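Subject: A structure for you to look at

Hi there,

Here is the structure I promised to pass on. Have it open while you read, and my notes follow below.

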Amino acid sequence: MSIPSQKTSPDPQAKIPQRSRGIQRVDALLHAASEVFHEHGYTAATMSEVARRAGAPIGSLYQFFPNKALLADAVINRYADRLLQGMQAIQAEATLTPRQLARQLFALMLLMQQERAIALALVDAADPHSRRQQLRDALLLQLTALLARLHPAQPAERHRLRAHFVLQQLKQIPTLHHEAQQHPGLLEEAERALHAYLKRE
């Protein structure tokens, strides 16, 4: 896909790499950016620190991301893509039981919890209302599809309603994970509770 030149486009655009080397370089830059944003926040983070952390020339960073806002946007999008891909992988399982779904959703949210915290902090620093709603809508769509597969006889409106409830439970996982250090077994109890809910017709 061709990328508009910065000279002819009224607004700078992130450059999408086409070759494997470029893809690997961008992945390293985004990983470094996530670390820097996590440690310093959006306002204090600098492009030079991201490039230094990635071991890349500053020009290479600006080649792909002409400004910090575009870099932050790419970090947010990477989190959203990975989370949705994780849910799509669950959907692609040959069999799906309530226990499997509860276990895999918990595992996915635990795996993504640091990326989630970074992405949501960046969303709040930029455009909290519209971006949060976009992320929420995308997650609800995936959860609705998973619930429809689990209970195909239920009406579509019930799947959507239950998806909202499940999403609220999943949002609590990072907090539960932290509190589980003082209360061993808390995460397992929460997973059992989600399993029990998902079994309900």
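**What I found**

The chain has 10 helices and 0 strands; helices (H or I, at least four residues) and strands (E, at least two) are DSSP runs, numbered from the N terminus. Please keep in mind that this is a predicted model, in which local features need pLDDT of at least 70 and side-chain atom pairs count only at pLDDT 80 or more, while totals for chains, interfaces and linings use all residues. Residues are numbered from 1 along each chain as its sequence is written, and side-chain values use heavy atoms, with hydrogens and water left out.

**The whole chain**

Along its principal axes, the C-alpha trace spans about 60 × 40 × 30 Å. Of the 201 residues, 39% are buried, meaning under 20% relative accessible area, with exposed being over 50% and partly exposed in between (1.4 Å probe, protein chains only). Take the contacts (heavy atoms within 4.5 Å) between residues at least 6 apart in sequence: 68% of them join residues at least 24 apart.

**Helix H2 and its cover**

Helix H2 covers residues 47–54, and its buried residues are Met 47, Glu 49, Val 50 and Ala 51. What lies over these buried residues of H2 includes helix H1 (20–44), helix H3 (58–64) and H4. Just after H2, Gly 55 has a positive phi of about 70 degrees.

**A cavity**

On a 1 Å grid over the protein atoms alone, a cavity is a set of points where a 1.4 Å probe fits but cannot get out, and lining residues have an atom within 4 Å of a point. Grid points are joined across faces, edges and corners, and a volume is the space filled by probe spheres set on the points. The count is 1 cavity of 30 Å³ or more, and the largest cavity holds about 30 Å³ of space. Its lining consists of Ala 80, Leu 83, Leu 84, Leu 135, Ala 138 and Leu 139. Helix H4 (68–91) and helix H7 (128–150) are the elements that give two or more residues to this lining. Here is a handy rule when you look at helices: an α-helix has 3.6 residues a turn, so residues three or four places apart point the same way.

Ala 107 sits in helix H5 (residues 98–111). Why does Ala 107 count as partly exposed? Because its relative accessibility is 44%.

Enjoy exploring!

Methods: On a 1 Å grid over the protein atoms alone, a cavity is a set of points where a 1.4 Å probe fits but cannot get out, and a pocket is an open set with protein on both sides within 12 Å along at least five of seven lines; lining residues have an atom within 4 Å of a point.
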